[in-house]
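Hi,

Here's the structure I said I'd pass along.

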Amino acid sequence: MKKCIAVLAGDGIGPEIMREGLKVLNAVSRRFGHTFEYREALVGGCAYDKYGHPLPDETKKVCNNADAIYFGAVGGPKWDTLPAELTPERGALLPLRAIYGLFANLRPAVIFGPLADAASLKSERLKGGLDIMIVRELTGGVYFGKSKVKSLILKDGAVQGDYAVDYMIYSVPEIQRITKVACEAAMKRNKRLTSVDKANVLESSKLWRKTVIDYVQKNYPQIQLNHMYVDNAAMQLATNPKQFDVIVTENMFGDILSDLASAITGSIGMLPSASLSETGFGLFEPIHGSAPDIAGQGKANPLAQVLSGAMMLKYAFGLSKESDAIEQAIMSVLEDGYRTCDIACAATPKDKILLTSGMGNKVVEYLE
Ligand code: IPM
Ligand code: MG
């Protein structure tokens, strides 16, 4: 198979973990006889530095002509003070999601058996492993509602201070289409779906809950559906995560809960994601950010990036066997005790602690 991949490494640790992601894709192409053509483009702060915009036209052109987008991470303190529309997050990542209609964000939270000790929960709470699929709505809600900042409010002629507003908006079709994605995922798993909202307070959540109930009853009556308020869902995830199979939730709740889920699985450096459009076009990125504090030191864990590549093979190209081979290689690397420092524990021998490139090389070695 021949595929063209837009490679957007971004800022911070992005380039160093992307290097490992590509190494692993190259190993897959050698083993299975595929051709992956990479077109690299700048995104985020590095693009702003060169072109004056975090998502330049050159980069959009590369993405428009690609079969999938392989994305690293963007952002860093250097660009935090730019006007909102020029920051890496608001000026590049969110627009990419909007431009390509990437409304369905799949965030699997899986514990690789050998990492149970690195997880934040006692291992008896994770007995038999953990395998949750978080389906986060990605192009609606408060991250995309209009916002405004007013700097001086005058009340009766006196200055009252600044205020800012963000609107959380959801429409029925937006809720239905993400529910459908979650139901399809649940049907391939244990047919259990938890919808997370804040329907005891928010109007958008009341609509969310009603729409999910109607949609599941009508289209997927086989699915066992339950509902949880987001605050309770956070507590349940932190104390009894094994009760979950598929979680569907709106944009901001999914953002927060998926970070929490990553801590449960051991490290945020382990969690990949797929962001998909209605036509199946996708962007594949680790859920962690650009970690500027450790950038350039070779310490970053590249496995979330590598696993995002595995998701790209499976979801964008239909290459499930190849995707499974990557996961299997990672499992073997971990079983043999190799760790980056974020997933090392006190018992990890020094010679098994690898740098970013060492971990990429190990995965390649086990894949070949
Ligand atoms: C994520 C990130 C982004 C988000 C940021 C960088 C805008 O936290 O993908 O989870 O909030 O969606
Ligand atoms: Mg996040």
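Let's start with the make-up of the site: sorted by class, the shell around ligand 1 holds five charged residues, two nonpolar ones and no polar ones. Keep in mind that this is a predicted model.

The shell itself is made up of E89, L93, R97, R107, R136, Y143 and D255. Helix α4, which runs over residues 88-99, is the biggest contributor here, with three residues.

Where does ligand 1 lie relative to domain 1 and domain 2? Both domain 1 (1-115 + 266-368) and domain 2 (120-264) give residues to its shell, so ligand 1 lies between them.

R97 has a polar side-chain atom 2.7 Å from an oxygen atom of ligand 1. For R107, a polar side-chain atom is 2.8 Å from a ligand 1 oxygen. On its own, ligand 1 has 320 Å² of accessible area, and the protein covers 77% of that.

Cheers

Note on methods:
Residues are numbered from 1 along each chain as its sequence is written. Chains are lettered from A and ligands numbered from 1 in the order in which they are written. This is a predicted model: local features need pLDDT of at least 70, side-chain atom pairs count only at pLDDT 80 or more; totals for chains, interfaces and linings use all residues. Side-chain values use heavy atoms; hydrogens and water are left out. A residue is near a molecule or strand if one of its heavy atoms lies within 4 Å of it. A polar contact is a pair of N or O atoms within 3.5 Å; within protein, one must be able to donate a hydrogen and the other to accept it, and residues adjacent in sequence count only if both atoms are side-chain atoms. Accessible areas come from the Shrake-Rupley method with a 1.4 Å probe; for residues, only the protein chains shown count as cover. Helices (H or I, at least four residues) and strands (E, at least two) are DSSP runs, numbered from the N terminus. Ala, Val, Leu, Ile, Met, Phe, Trp, Tyr, Cys and Pro count as nonpolar, Asp, Glu, Lys and Arg as charged, and the others, Gly among them, as polar. Domain bounds come from an automatic or database domain assignment.
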